[in-house]
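This report covers selected local features of one structure.

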Amino acid sequence: MSALNIVTAVGEGDIEKCLEIARALSEWFNEAGLKAIERDLKSEETFVAVEKDVLGFVTVKPLNEKALEILWMAVKREHRGRGIGTELLRFVENWAKGRDFKILVVKTSGDLSYKPYDETLLRAEGFYKNRQDRSISRMG
């Protein structure tokens with residue numbers, strides 16, 4: 001990977017690039033998901049992976065003073081498998097630790113036709129399933 005930077009998304013241009021990434025992954029993001037992504041991109045903290053262009057993004061939201069939820073995460077199809085998602089996840093983890101968050105949470109959908117996250121990646125990165133709230137959490 002050459003010169004990948006992860007920065008805070010700024011402005012409508014970054015929001016549109018993130019939406020383009022999600023729209024191109026229709027097997028992962030349905031219409032309801034795309035509307036929610038657009039809303040959250042405008043109101044929550046979003047980080048983008050940039051290498052000349054936006055290659056991926058992650059959007060997070062504090063649940064309380066100690067828990068941070070990863071709302072959305074996606075990488076351009078043609079750049080998957082290069083470790084960009086892992087880099088985004090590590091960036092968020094460090095960002096969260098620097099702000100005293102102790103837990104990262106990812107909620108998966110109960111709709112079997114909607115697959116917002118690759119649970120295999122999350123398990124490989126040390127997340128675990130909590131059967132009570134169907135969240136996958138990582139202790140900081």
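## Packing of helix H1

The buried residues of H1 pack against strand S1 (5-8), helix H2 (31-43), S2, S3 and S4. Packing here rests on contact, defined as heavy atoms within 4.5 Å. Helices (H or I, at least four residues) and strands (E, at least two) are DSSP runs numbered from the N terminus. The model is predicted: local features need pLDDT of at least 70, side-chain atom pairs count only at pLDDT 80 or more, and totals for chains, interfaces and linings use all residues. Residues are numbered from 1 along each chain as its sequence is written, and side-chain values use heavy atoms, with hydrogens and water left out.

Helix H1 spans residues 11-23, 13 residues in total. From first C-alpha to last it reaches 19 Å, close to the 18 Å expected at 1.5 Å a residue; the expected span is 1.5 Å times one less than the number of residues. Buried in H1 are Asp14, Ile15, Cys18, Leu19, Ile21 and Ala22. Seen down the axis of H1, the buried residues fall within an arc of 155°, so they line one face of the helix. The arc is taken over the directions from the helix axis to the C-beta atoms. Burial means under 20% relative accessible area, exposed means over 50%, and partly exposed lies in between (1.4 Å probe, protein chains only).

## Buried strand residues

Phe47 lies in strand S2 and is buried, with a relative accessible area of 1%. Not counting residues up to four places away in sequence, Phe47 touches Ile6, Val7, Thr8, Ala9, Gly56, Phe57, Val58, Val60, Leu88, Phe91, Val92 and Trp95. Phe47 and Ala9 are 38 residues apart in sequence, yet their C-alpha atoms are 5.3 Å apart in space.

Glu69 belongs to strand S4 (residues 67-75). Glu69 counts as buried because its relative accessibility is 10%. Leaving aside neighbours within four places in sequence, Glu69 is in contact with Thr59, Val60, Lys61, Leu63, Val105 and Lys107.

## Positive phi in two loops

Most residues other than glycine have a negative phi. Lys52, which is not a glycine, has a positive phi of about 75°. Lys52 sits in the loop between strand S2 (45-51) and strand S3 (53-62), and its relative accessibility of 88% makes it exposed.

Asp100 is not a glycine either, and has a positive phi of about 70°. The loop holding Asp100 runs between helix H3 (84-97) and strand S5 (103-107). With a relative accessible area of 42%, Asp100 is partly exposed.
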